[in-house]
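Hi,

Here is the structure I promised to pass on to you. Have a look at it first, and then read on for my notes.

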Amino acid sequence: MKKLLLLIMFCLSLNIQAQDTDSEAVKATIVNFFEAFHKQDTIALKTMAKGDIKLQSISVNKEGKSILHESEYGQFLKNIASIPKENTFEEKLLSFNIQVDGNMANAWTPYEFWYNGNFSHCGVNSFQLMKEDDAWKIIYLVDTRRREECKK
């Protein structure tokens with residue numbers, strides 16, 4: 001009975017260790033995504049996504065209604081490349097909440113966005129990723145954007 005219990009505990013520890021390793025790999029993918037984003041490195045950004053993924057952003061208009069803005073990843077890459085080099089922008093990730101199940105992961109990352117040194121907005125990114133050939137790829141990204149109730 002002791003051997004069986006030890007075997008079960010060993011298997012559980014391996015599973016937890018594998019999830020921790022995957023969580024760290026997911027986090028690294030997102031950190032690398034934002035490093036490439038800040039450098040306007042569209043070639044690196046292309047390699048981090050699986051195909052021409054859809055991007056969505058949820059905000060509230062002046063009338064208080066929720067607005068869903070959708071764009072294709074290819075257009076996002078063109079927009080990033082077109083930002084003049086003299087302009088600076090930084091999306092500061094405040095924390096990570098990562099969940100992994102097999103070859104699928106979700107990462108919830110609250111953020112602040114700064115443009116030319118000035119606070120622009122805050123919100124949360126929700127990344128959906130899949131594991132392909134031992135690499136995590138972004139398959140979907142939705143975020144929220146607001147100017148109120150931000151921690152600065």
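**Strand pairing and overall layout**

Ser-57 has His-69 of strand 2 as its bridge partner. On another strand, Ser-57 stands opposite Asp-143, which belongs to strand 7. Strand 1 and strand 2 run antiparallel and are joined by seven bridges, while strand 1 and strand 7 run parallel with four bridges between them. Pairing here requires at least two bridges found by DSSP between the two strands. Val-60 is another residue with a partner in strand 2, namely Ser-66. The hairpin of strand 1 and strand 2 has five residues between the strands, and in it Gly-64 takes a positive phi near 85 degrees.

Before going further, a word on the source: this is a predicted model, in which local features need pLDDT of at least 70 and side-chain atom pairs count only at pLDDT 80 or more, whereas totals for chains, interfaces and linings use all residues. Residues are numbered from 1 along each chain as its sequence is written, and side-chain values use heavy atoms, with hydrogens and water left out.

The protein has three helices and seven strands, in the order α-α-β-β-α-β-β-β-β-β from the N terminus. These elements are DSSP runs numbered from the N terminus (helices: H or I, at least four residues; strands: E, at least two). Of its 152 residues, 34% count as buried, where buried means under 20% relative accessible area, exposed over 50% and partly exposed in between, with a 1.4 Å probe and protein chains only. Among contacts with a separation of 6 or more, 50% come from residues 24 or more positions apart; a contact means heavy atoms within 4.5 Å.

**Helices and a buried threonine**

In helix 3 (residues 73-81), the residues Tyr-73, Phe-76, Leu-77 and Ile-80 are buried. They lie on the same side of helix 3 because they cover an arc of only 100 degrees around the axis, the arc being that of the directions from the helix axis to the C-beta atoms. Thr-42, in helix 2 (residues 42-47), is in contact with Leu-77 and Ala-81, leaving aside neighbours within four places in sequence. Thr-42 and Ile-80 are 38 residues apart in sequence and 7.5 Å apart in space, C-alpha to C-alpha.

Thr-109 sits in strand 5 (residues 104-115) and is buried, with a relative accessible area of 0%. Not counting residues up to four places away in sequence, Thr-109 touches Leu-93, Ser-95, Phe-96, Gly-123, Val-124, Asn-125 and Phe-127.

**Pockets**

The largest pocket holds about 570 Å³ of space. A pocket, on a 1 Å grid over the protein atoms alone, is an open set of points where a 1.4 Å probe fits, with protein on both sides within 12 Å along at least five of seven lines; lining residues have an atom within 4 Å of a point. The volume is the space filled by probe spheres set on the points, which are joined across faces, edges and corners. Of the 23 residues lining the largest pocket, Phe-37, Phe-76, Ile-80, Asp-143 and Arg-145 lie nearest its centre.

The second largest pocket has about 190 Å³ of space. Ser-59, Val-60, His-121, Arg-145, Arg-146, Arg-147 and Glu-148 line the second largest pocket.

Best wishes
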